[in-house]
Amino acid sequence: MRRLAQLLVLPILAGCTAAPPPTGINDPYEGFNRQVHALNKSMDRAVLRPLGRAAATAPEGSLQPVVNFSNNAGLPGAVVNNLLQGDLGGAGTNTLRFVVNTTVGVLGLLDPAGAIGLKEAETDFGETLAVWGVPEGAYLELPAFGPSTERDAAGRVVDFVLDPLDRLGDVPGPVQDYAFPAKVGEQVVERGQLGDVMDDVLYNSADSYAQARLIYLQNRRYELGQTPSATDEDYYFNPYEESQ
Amino acid sequence: MTVLTTRRAFLAHGAALALAASAAAPALAQDLTASRALVDRLVADVNAVIASGQPEDAMIGQFAQIFQAYADAPTIARYSLGADARAATPDQLARYTQAFSNYVAQKYGSRFREFIGGAVQVEDARAVPNGVEVQTTAIFVNEAPFRVDFWVSEATGQPKFFNIIIEGVNMLLSERTEVQAMLDQRGGDLDRLISDLSRM
């Protein structure tokens with residue numbers, strides 16, 4: 001299974017460059033990435049930020065159903081990745097979440113599963129690749145999607161193709177039909193919630209490209225559980241030694 | 001005889017070990033305790049400001065003061081300058097540290113705004129190569145709890161934190177990136193950066 005899946009993905013990853021050191025930045029496409037960053041910023045300024053601001057003025061929690069619906073529709077895809085990573089616990093939790101929220105939670109608009117402690121085991125194919133030992137690859141900024149890496153960009157493509165939602169016969173039609181618009185809505189709501197923090201990075205920093213890159217890489221490595229050991233001297237660098 | 005020597009050697013060795021252990025253990029324990037206590041006090045102060053229900057601007061001012069009180073600003077400032085710190089005169093460095101401290105306290109003080117309505121819990125402390133890592137969890141309404149780590153050092157004589165890591169994102173590295181970019185924009189002119197930072 002593992003080999004088969006690796007075989008399927010290998011062609012996509014053929015372009016990946018060598019693994020960077022875990023704390024470093026590998027950005028051979030910086031020139032191109034910076035152009036995409038400028039494009040993304042102008043799209044944010046024109047579309048996403050104004051929509052996010054509007055969403056942020058909605059009554060507290062009133063847009064949560066959109067986020068819930070989108071998360072729920074993404075669960076079957078997450079289960080596939082849980083399984084590909086050998087994470088049976090996560091697969092079980094996410095399956096149960098999907099069943100409970102799609103039925104009791106009215107097509108996923110509500111989150112009764114979360115209320116009883118069934119929290120989503122978030123994952124994606126980028127993480128599956130990391131679990132399989134595929135190196136991170138070079139940093140990439142993708143149009144519309146923003147910061148990524150070669151590995152995570154390949155993961156996005158595979159997630160899109162692999163998503164079993166539309167092939168699940170018993171799933172109510174609306175869950176399939178509104179998955180995409182809900183996903184877009186979720187982005188808007190989240191942009192609204194991130195408001196000032198995001199504005200600080202994009203519009204108040206001296207080099208928003210470098211900041212976004214640093215934040216994405218560090219946070220992604222953290223999410224993927226690549227937490228350094230307590231003896232890692234590269235990660236736990238010492239600013240006191242440097243100053244002497 | 002052999003048995004005796006062995007026994008004596010063993011005893012002496014054991015005593016030495018015990019001595020070493022008793023000397024090392026309190027030092028390490030004290031370090032952990034002091035560092036954890038620093039973050040405990042910091043967190044208590046932050047939570048108290050949050051609970052005070054003052055207007056947001058007043059809170060941000062107080063967060064900035066908390067940052068000044070608990071952070072090792074000179075070390076953070078010097079690190080943010082990178083190699084340029086070595087080229088700076090002592091006078092420049094002193095003025096830069098002052099300007100940077102104000103800038104960074106304002107910036108992170110206003111970031112603490114995100115904590116309004118939430119609370120921070122100290123979870124654990126462990127020894128790491130550059131000091132002590134104190135792990136905390138930030139808990140917000142309607143949001144998944146997230147991890148905030150403080151790196152604490154006693155290198156200056158008393159415990160101060162010199163780095164905050166929020167879900168893997170590291171303040172020292174962010175600020176070095178930012179300061180390098182600001183310096184580049186000013187053609188490497190440190191004095192101009194100092195005067196611009198002072199006005200931020």
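Between chain A and chain B, 11 residue pairs are in polar contact, both residues at pLDDT 80 or more. A polar contact is a pair of N or O atoms within 3.5 Å; within protein, one must be able to donate a hydrogen and the other to accept it, and residues adjacent in sequence count only if both atoms are side-chain atoms. This is a predicted model, in which local features need pLDDT of at least 70, side-chain atom pairs count only at pLDDT 80 or more, and totals for chains, interfaces and linings use all residues. Residues are numbered from 1 along each chain as its sequence is written, chains are lettered from A and ligands numbered from 1 in the order in which they are written, and side-chain values use heavy atoms, with hydrogens and water left out.

Stay with the interface. How many salt bridges does the rule find across the interface of chain A and chain B? The count is 0. A salt bridge here is a side-chain nitrogen of Lys or Arg within 4 Å of a carboxyl oxygen of Asp or Glu. On the side of chain A that touches chain B, helix H10 (179-203), helix H11 (208-223) and helix H12 (239-242) each supply at least two residues. Helices are DSSP runs (H or I, at least four residues), strands likewise (E, at least two), numbered from the N terminus. H11(A) gives the largest share of that side, 7 residues. By class, the side has 13 nonpolar, 9 polar and 7 charged residues. In this scheme Ala, Val, Leu, Ile, Met, Phe, Trp, Tyr, Cys and Pro count as nonpolar, Asp, Glu, Lys and Arg as charged, and the others, Gly among them, as polar.

Now the extent of the interface. The contact (heavy atoms within 4.5 Å) takes 29 residues from chain A and 36 residues from chain B. Together the chains bury about 2900 Å², 55% of it on carbon and sulfur atoms. Three residues, A:Tyr236, A:Phe237 and A:Tyr240, supply 25% of the area that chain A buries against chain B, more than any other three residues. Buried area is the accessible area (1.4 Å probe) that two parts lose on being put together, summed over both.

The largest nonpolar core has 58 residues. Such a core is a set of buried Ala, Val, Leu, Ile, Met, Phe, Trp, Tyr and Cys residues joined through side-chain atoms within 4.5 Å. Buried means under 20% relative accessible area, exposed over 50%, and partly exposed in between (1.4 Å probe, protein chains only). B:Phe67, B:Tyr96, B:Phe100 and B:Phe161 have the most contacts inside this core. Helix H5 (residues 90-111) of chain B gives the most to the core, with 8 residues. Look at B:Phe161. Leaving aside neighbours within four places in sequence, B:Phe161 is in contact with residues including B:Leu38, B:Leu42, B:Phe67, B:Tyr70 and B:Trp151. In soluble globular proteins, nonpolar side chains tend to be buried together.

A:Asn82 lies in helix H4 (residues 75-84) of chain A. A:Asn82 counts as buried, at 1% relative accessibility. Not counting residues up to four places away in sequence, A:Asn82 touches A:Asp87, A:Gly90, A:Ala91, A:Asn94, A:Ala121 and A:Thr123.

Over all chains, the structure holds 21 salt bridges. One joins A:Asp152 and A:Arg220, with the closest N and O atoms 3.0 Å apart. This pair links distant parts of the chain: A:Asp152 is in helix H8 (residues 150-162) and A:Arg220 in helix H11 of chain A, 68 residues apart. A:Asp152 is buried, with a relative accessible area of 6%. A:Arg220 is buried as well, at 9%.

In chain B, B:Asp191 forms a salt bridge with B:Arg95, the closest N and O atoms being 3.0 Å apart. B:Asp191 sits in helix H7 (residues 190-198) and B:Arg95 in helix H5 of chain B, 96 residues apart. B:Asp191 is partly exposed, with a relative accessible area of 35%. B:Arg95 is also partly exposed, at 35% relative accessibility.

A:Arg34 pairs with A:Glu30 in a salt bridge, at 2.9 Å between the closest N and O atoms. Both lie in helix H2 (residues 30-56) of chain A, 4 residues apart, about one turn of the helix.

Two backbone points close the tour. Most residues other than glycine have a negative phi. A:Val106, not a glycine, has a positive phi of about 50°. A:Val106 is in the loop between helix H5 (88-103) and helix H6 (112-115) of chain A. A:Ala144, not a glycine either, has a positive phi of about 70°. A:Ala144 is in the loop between strand E1 (139-142) and strand E2 (146-149) of chain A. A:Ala144 is exposed, with a relative accessible area of 65%.
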